Amino acid sequence: MKAIVVTDQAAGTAGMSLVERPEPSAAINDVVVEVHASGFVPTEMAWPSTWTDRLDRDRTPSIPGHELAGVVTVLGYGTTGLSVGQRVFGLSDWHRDGTLAQYVAVEARNLAPLPGDVDFTVGASLPISGLTAWQGLFEHGRLQAGQSVLVHGAAGAVGTMVTQLAREFGAYVIGTGRAADRQKALDFGAQEFVDLENDALEDVGGVDLVFDVIGGDIQKWSAGLVRAGGTLVSVVGPVGARPADGLAVDFVVESDRVQLGEIVQRVRDGRLRTNIGNVATIDNAVAALNPTERRKGKTIINLRP
């Protein structure tokens with residue numbers, strides 16, 4: 001099968017290469033999926049799990065990518081809940097070879113059915129962005145109707161999902177980003193926008209929830225805006241700045257079949273729009289994943305004609 005592999009952590013995405021690899025086999029409770037479309041998160045190149053297994057042993061050359069949409073081709077021993085020929089989408093394990101390949105072995109529990117009226121490209125764009133938004137807002141942020149949410153990176157793949165879900169659940173959303181992101185953030189539902197390069201973040205005043213995808217100084221300044229009893233939720237590692245009278249939570253997104261179903265149903269009925277930027281074939285994937293211009297939305301690699 002065709003696959004994208006990485007071998008050099010220092011090289012990052014520039015070290016990607018398109019190679020031929022053996023097709024994977026299905027372990028107990030696995031399925032093998034014929035991948036039709038794969039999502040990719042650029043920060044994967046900094047994740048230890050891209051380079052080592054759970055025992056910290058080198059596992060290169062490794063196949064990156066953890067979001068997929070495709071069709072089940074093989075069931076492993078003891079696998080239940082899915083069937084051969086079924087359309088699925090979801091997340092592959094962080095420490096195993098990923099989805100930038102024509103086939104991938106995945107634990108069945110990490111996948112959800114993909115309805116026939118949702119195309120594979122859309123399906124592959126949902127798992128990380130959608131689940132990160134869902135879990136950050138509702139599990140970790142405990143969002144309630146009427147609260148205010150400060151969404152950093154509001155025009156990005158995660159930020160646009162956070163904005164739409166928060167609005168649906170009755171929150172007031174303030175998005176942030178660069179000046180060029182303003183209209184996109186507003187189009188996806190932000191009610192205010194803060195240009196982080198030119199506006200004063202503290203002018204926002206107090207908020208109930210901060211959803212941080214940036215870290216650093218932005219996180220530190222944001223912590224000071226959290227109202228008493230509020231929460232700062234981060235997806236960029238351990239929180240370095242904590243609200244004076246609130247919670248700080250960092251988390252790693254996990255696959256959840258029920259939540260994936262909630263997310264894809266919202267796409268089907270028009271409550272949730274995806275934020276897909278570039279779509280490329282596997283043959284053009286290395287160039288697509290090393291763009292010369294700033295990414296605008298999620299890059300999806302199509303593995304099938």
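The legends below accompany close-up views of a predicted model.

**View 1. The packing of helix α2 against helix α6.** Helix α2, which covers residues 127–140, packs with helix α6, residues 257–268, at an angle of about 110 degrees, and the two axes lie 10 Å apart. Because angles of 65 to 115 degrees count as roughly perpendicular, α2 and α6 are therefore described as roughly perpendicular to each other. On the α2 side the contact is made by P127, G130, L131, W134, Q135 and E139, and on the α6 side by Q259, L260, E262, I263 and R266. Sorted by class, the contact of α2 with α6 has five nonpolar, three polar and three charged residues.

**View 2. The largest nonpolar core.** This core has 45 residues, and those with the most contacts inside it are F89, L126, L137, L143 and V149. At least two residues of the core are supplied by each of several elements, including β4 (67–75), β5 (87–91), α1 (120–125), α3 (157–168) and β11 (207–212), while the largest share, six residues, comes from α2. The core also draws at least three residues from each of domain 1 (2–127 + 255–302) and domain 2 (141–250). V149 is in contact, leaving aside its neighbours within four places in sequence, with L137, L143, A166, A171, Y172, V173, I174 and L209. A second, separate core of 33 residues includes I4, F40, A285 and L303.

View 3. S148 has its place in strand β8, which is made up of residues 148–151. The relative accessibility of S148 is 8%, so this residue counts as buried, given that buried means under 20% relative accessible area. When its neighbours within four places in sequence are left aside, S148 is in contact with Y172, G206, V207, D208, L209 and R227.

View 4. I276 is found in strand β14, which runs over residues 276–281. With a relative accessible area of 25%, I276 is partly exposed. Its contacts, again leaving aside neighbours within four places in sequence, are with T121, V122, S125, K296, G297, K298 and I300. Between I276 and V207 there are 69 residues of separation along the chain, and the C-alpha atoms of these two residues are separated by 29 Å.

Definitions and conventions: Residues numbered from 1 in each chain as written. Predicted model: local features only at pLDDT ≥ 70, side-chain atom pairs only at ≥ 80, totals over all residues. Heavy atoms only, no water. Axes fitted to C-alpha atoms, helices over the stretch in contact; angles between N-to-C directions. Helix = DSSP H or I, 4+ residues; strand = E, 2+ residues; numbered from the N terminus. Parallel < 35°, antiparallel > 145°, perpendicular 65-115°, else oblique. Contact = heavy atoms within 4.5 Å. Nonpolar A, V, L, I, M, F, W, Y, C, P; charged D, E, K, R; others polar. Buried < 20%, exposed > 50% of the residue type's maximum accessible area, 1.4 Å probe, protein only. Core = buried A, V, L, I, M, F, W, Y, C linked by side-chain atoms within 4.5 Å. Domains from an automatic or database assignment.
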